[in-house]
Amino acid sequence: MAKYTVPANGAKIGYKDGKIQVPDNPIVPYFPGDGTGPDIWKATKIVLDGAVELAYKGKKKIAWMEVYAGLSALKAYDKDTVLPQETLDAFKEYRVGLKGPLTTPAGSFKFVCLDCAAELMDRPANCPKCKSEWITPRFRSVNVGLRQKLDLYACVRPVRWFTGVPCPVKSPEKFNIVIFRENTEDIYAGIEFEWGTAEQKQVYEFITKTMKKNIPFPDSGIGIKPISKTGSQRLARMAIKYAIDHKKPSVTLVHKGNIQKFTEGAFRDWGYEVAVTEFREHVVTEAELWDKLDGKMPAGKVLIKDRIADQTFQQFLLRPDEYSVIATTNLNGDYLSDAAVAQVGGLGIGPGANIGDGCAIFEATHGTAPKYTNKDMVNPGSLILSGVMMLEHMGWQEAADLIVKGLEKTIAAKTVTYDFERQMPGATKIKCSEFGAAIVKNMGGAAVAA
Ligand code: NAD
């Protein structure tokens with residue numbers, strides 16, 4: 001017997017010819033997450049249900065289905081299971097899901113408190129910091145586990161500014177970029193050999209003696225990062241298809257190919273190959289633009305260009321309006337997407353999704369912010385906007401647009417959570433739940449009963 005309950009009033013999302021088929025009452029698995037997750041989830045649900053009701057007048061409705069991961073899984077299953085197989089199966093079967101943040105222990109301790117994230121060397125009955133009984137052995141990231149086990153190979157982060165959001169740059173309105181970051185290989189599939197181990201010695205000997213390559217010092221930790229043609233091309237394919245479908249002007253392949261030719265450089269070459277072999281009618285490469293078209297971009301086509309990663313950071317600050325869709329490798333994308341979202345106001349307002357073929361999970365990009373747990377204080381903007389991405393992915397654009405309108409109005413009225421309020425002169429500080437309610441009111445709707 002599954003621990004979760006399938007809603008009787010819902011239907012499964014289907015999949016045909018590479019596209020999801022969404023019924024009017026789709027079952028959507030979700031979990032609120034740890035720490036502040038339940039607070040932001042409550043605000044998000046009110047906003048999503050309110051927008052769907054307002055847009056479709058009862059014709060469409062999401063049938064939410066709670067599944068378990070992190071602390072909620074420990075409570076529902078047993079004290080050592082943080083990512084149950086049933087949860088993975090549910091996301092796979094129902095194809096579209098929404099998730100809150102989860103605790104990920106890091107460091108050399110042995111146990112972690114899932115309530116306050118205290119890192120412990122032994123396993124007391126109750127956490128010495130917060131008295132919680134939910135203490136579990138250290139585990140690898142549940143987020144990474146979900147992405148890898150469901151092969152959600154693209155991490156998608158749309159980054160734009162909302163008028164009035166405090167941010168560190170002069171012209172944040174110029175920033176409107178969707179980043180597609182490869183989610184399964186590069187350093188996510190990296191293999192490392194620790195200095196001083198027999199394995200490191202063996203690898204060092206192989207590289208220096210058999211392969212005759214130079215490693216400057218023998219006391220080196222050694223890392224290997226695989227980047228494949230398959231992984232690079234499916235990521236580039238998704239980014240280019242997105243640009244064509246959404247009438248975006250360009251896709252930029254971001255890499256460090258000037259230094260690493262067979263991984264980073266190959267990523268760039270494989271991206272161009274997909275563009276010209278699979279999307280020939282729709283794209284123009286930057287070389288073609290100057291060699292054949294005298295720099296004049298034909299209307300309706302997508303420009304495919306590439307840039308070195310470090311230069312891209314500069315360009316994001318100096319000329320962000322020259323970029324639209326980015327396709328990049330795992331590590332470059334990691335830094336780039338957090339830096340990008342900082343430019344427009346920080347993680348509290350940055351949405352994200354992990355997308356594969358026929359399965360997608362939308363998620364807040366920030367962590368559990370444990371010190372604010374149960375305080376109804378943090379900004380639910382990231383999870384709400386991830387919900388907007390989810391509605392767009394389902395083709396429910398009208399509801400998605402209503403939420404963006406409601407959010408814009410709420411921020412313009414300077415009624416915001418503490419993180420924005422402390423940087424916005426004249427703003428009124430409201431709670432996480434009040435922020436959700438204000439968005440519903442500002443889009444012209446009413447709260448929908450649970
Ligand atoms: P964090 O994102 O939780 O917090 C970083 C800073 O941002 C803190 O100052 C916090 O108060 C603030 N913040 C975060 N979310 C906010 C919000 N919605 N509104 C306003 N302010 C917000 O990162 P952390 O403290 O490094 O990590 C805490 C835990 O979360 C760790 O266990 C970490 O592994 C985990 N984590 C999970 C995810 C995820 O589930 N996707 C992502 C990052 C970190």
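The legends below walk through close-up views of a predicted model.

Before you start, note that local features need pLDDT of at least 70 and side-chain atom pairs count only at pLDDT 80 or more, while totals for chains, interfaces and linings use all residues. Residues are numbered from 1 along each chain as its sequence is written, and side-chain values use heavy atoms, with hydrogens and water left out.

**View 1. The ligand sits in a shell of 19 residues.** L102, N143, G367, A369 and N379 are the closest of them; a residue is counted as near if one of its heavy atoms lies within 4 Å of the molecule. By class, the shell holds eight nonpolar, eight polar and three charged residues. Here Ala, Val, Leu, Ile, Met, Phe, Trp, Tyr, Cys and Pro count as nonpolar, Asp, Glu, Lys and Arg as charged, and the others, Gly among them, as polar. Strand β18 (360-364) and helix α13 (418-421) each supply at least two shell residues. Both kinds of element are DSSP runs numbered from the N terminus: helices are H or I with at least four residues, strands E with at least two.

**View 2. The largest pocket holds about 1,300 Å³ of space.** On a 1 Å grid over the protein atoms alone, a pocket is an open set of points with protein on both sides within 12 Å along at least five of seven lines, a cavity is a set where a 1.4 Å probe fits but cannot get out, and lining residues have an atom within 4 Å of a point. Grid points are joined across faces, edges and corners, and a volume is the space filled by probe spheres set on the points. Of the 46 lining residues, Y242, H246, I355, E392 and H393 are the closest to the pocket's centre. Helix α6 (229-245) gives the most to this lining, with six residues.

**View 3. The second largest pocket has a volume of about 760 Å³.** Its lining has 32 residues, and those closest to the centre are T104, S141, N143, V144 and R147. Which element gives the most to this lining? With seven residues, that is α4. The classes are 12 nonpolar, 11 polar and nine charged.

**View 4. Two cavities of 30 Å³ or more are present in the structure.** The largest, at about 50 Å³, is lined by D49, V52, E53, K60, K61, I62 and V448. Its lining has three nonpolar, no polar and four charged residues.
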